[in-house]
Amino acid sequence: MRSVFFPRLVNGPFGDPALHVRLAYRGEALLFDCGDLHALAPGELLKTRLLFLSHAHIDHLVGFDLLLRTFLARDLTLLMYGPAGLAQQIAARLQGYTWNLVDGYPFVLTVREWLPEGIREVSFPARQAFRPLSERMLTCHNQILHETPWYRVRAARLAHGDIVSLAFSLEEPLHVAIHKDALERHNYRPGHWLSRFKDLVMRAASLDTPVTAALSDGSMRSVPLGELLDTIASTERGMKVVYVTDCSPVFGNFRRILDLSQNAHLLTIEAMFAHRDLERARQRNHLTAWQAGRLARLARVARLQVFHHSPRYQGRPDDLGREARAAFAGENAPPCARNNGVLLC
Ligand SMILES: [Zn+2]
Ligand SMILES: [Zn+2]
């Protein structure tokens with residue numbers, strides 16, 4: 001499958017959490033958490049349209065100011081999703097600055113909190129000195145926070161000590177594959193028209209819809225959508241990337257992580273501690289590397305990426321990755337302090 005999401009851990013496995021996902025063909029990117037963002041070029045930051053925040057611990061939010069600074073004078077809207085209470089936290093953060101010279105600035109920050117009864121939206125326009133301008137409630141079905149014809153983001157609430165940390169699944173509803181050999185066989189020339197064709201398929205347009213196709217002799221021809229679907233393309237299950245961080249190693253979390261990440265193409269998941277330090281992982285409300293790998297195996301994900309390692313393992317930087325990969329491959333749990341490691345401890 002040709003990737004449509006290009007995820008990148010901004011700060012590697014030991015740095016602040018931030019997963020930057022570039023969307024193919026759209027010139028846009030999504031951010032999952034915004035720890036330190038200095039490793040991203042301003043051009044990359046400006047492509048961000050949506051920010052999904054797991055929770056407001058400082059290592060996940062400290063990059064917000066750089067994002068705000070980069071967007072401030074732009075005619076753009078940044079949409080930020082997060083757990084209950086986020087709008088108040090962002091309002092307090094914004095009011096920590098002086099805003100007397102931003103009257104004509106068109107930038108608007110919109111915060112959406114995921115509440116049990118729906119999604120609460122609060123807008124903060126720069127021209128109003130970031131005072132909250134409007135508020136409304138939106139409905140939320142099947143844990144889907146955001147949906148477009150090309151991708152959707154679902155969330156799950158995980159316990160992280162006595163607060164909620166959100167996990168997210170970025171999903172392509174349907175994958176449209178173009179067959180190169182079929183293009184050649186039917187004398188079509190690859191080009192931008194294929195993006196419009198894919199868009200129409202994703203939007204479930206009528207099969208009669210005319211598509212202007214480029215031919216290999218340089219001419220153009222109008223072809224019904226259905227005919228193109230039959231001759232040059234096929235559809236399959238869409239790509240799925242799951243982001244899980246900062247959660248207590250408890251059964252309820254394991255169940256929710258498995259639900260969310262089932263059959264994902266990539267699971268990016270925290271692995272703060274080695275399994276021999278399980279007791280500490282429990283006290284600090286984080287997962288061990290072995291648990292992360294075991295969850296990836298049980299969810300039948302295609303690829304595992306672990307991150308958010310404690311600095312205490314920096315002397316042996318590959319250990320946590322190795323432990324997670326061993327669990328993903330089905331090896332038995334390594335011994336831990338008070339438990340010999342049945343299932344997920
Ligand atoms: Zn954290
Ligand atoms: Zn945390």
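This is a short tour of a predicted model, stop by stop. Residues are numbered from 1 along each chain as its sequence is written, and chains are lettered from A and ligands numbered from 1 in the order in which they are written. Because the model is predicted, local features need pLDDT of at least 70 and side-chain atom pairs count only at pLDDT 80 or more, while totals for chains, interfaces and linings use all residues.

**Stop 1: the domains.** Colour residues 1-144 as domain 1, 175-234 as domain 2 and 247-345 as domain 3; these bounds come from an automatic or database domain assignment. The C-alpha centres of domain 1 and domain 3 lie 28 Å apart. Their contact takes 6 residues from domain 1 and 9 residues from domain 3, where two residues are in contact if their C-beta atoms, placed from the backbone, lie within 7 Å. On the domain 1 side, the touching residues are 6 nonpolar, with no polar and no charged ones (Ala, Val, Leu, Ile, Met, Phe, Trp, Tyr, Cys and Pro count as nonpolar, Asp, Glu, Lys and Arg as charged, the others, Gly among them, as polar).

**Stop 2: the largest core.** Select Ala167 and Ala324, which touch the most other members of the 82-residue largest nonpolar core. Such a core is a set of buried Ala, Val, Leu, Ile, Met, Phe, Trp, Tyr and Cys residues joined through C-beta atoms within 7 Å; a residue is buried if 20 or more other C-beta atoms lie within 10 Å of its own, exposed if 12 or fewer, and partly exposed in between, with C-beta atoms placed from the backbone. Helix H10 (residues 289-298) gives the largest share of this core, 5 residues. Helices (H or I, at least four residues) and strands (E, at least two) are DSSP runs, numbered from the N terminus.

Around alanine 167, leaving aside neighbours within four places in sequence, the contacts include Tyr243, Val244 and Ile257.

**Stop 3: tyrosine 151.** Go to the loop between strand E9 (144-147) and strand E10 (152-160), where tyrosine 151 sits. Tyrosine 151 counts as buried because it has 24 C-beta neighbours inside 10 Å. Glutamate 171 is 20 residues from tyrosine 151 in sequence and 5.5 Å away, C-alpha to C-alpha.

**Stop 4: lysine 198.** Select helix H6 (residues 193-202) and find lysine 198. Is lysine 198 buried or exposed? With 20 C-beta neighbours inside 10 Å, lysine 198 is buried.

**Stop 5: helix H4.** In residues 86-94, pick the buried Leu86, Ala87 and Ile90. Strands E5 (77-83), E6 (108-115) and E7 (118-125) are among what covers them.
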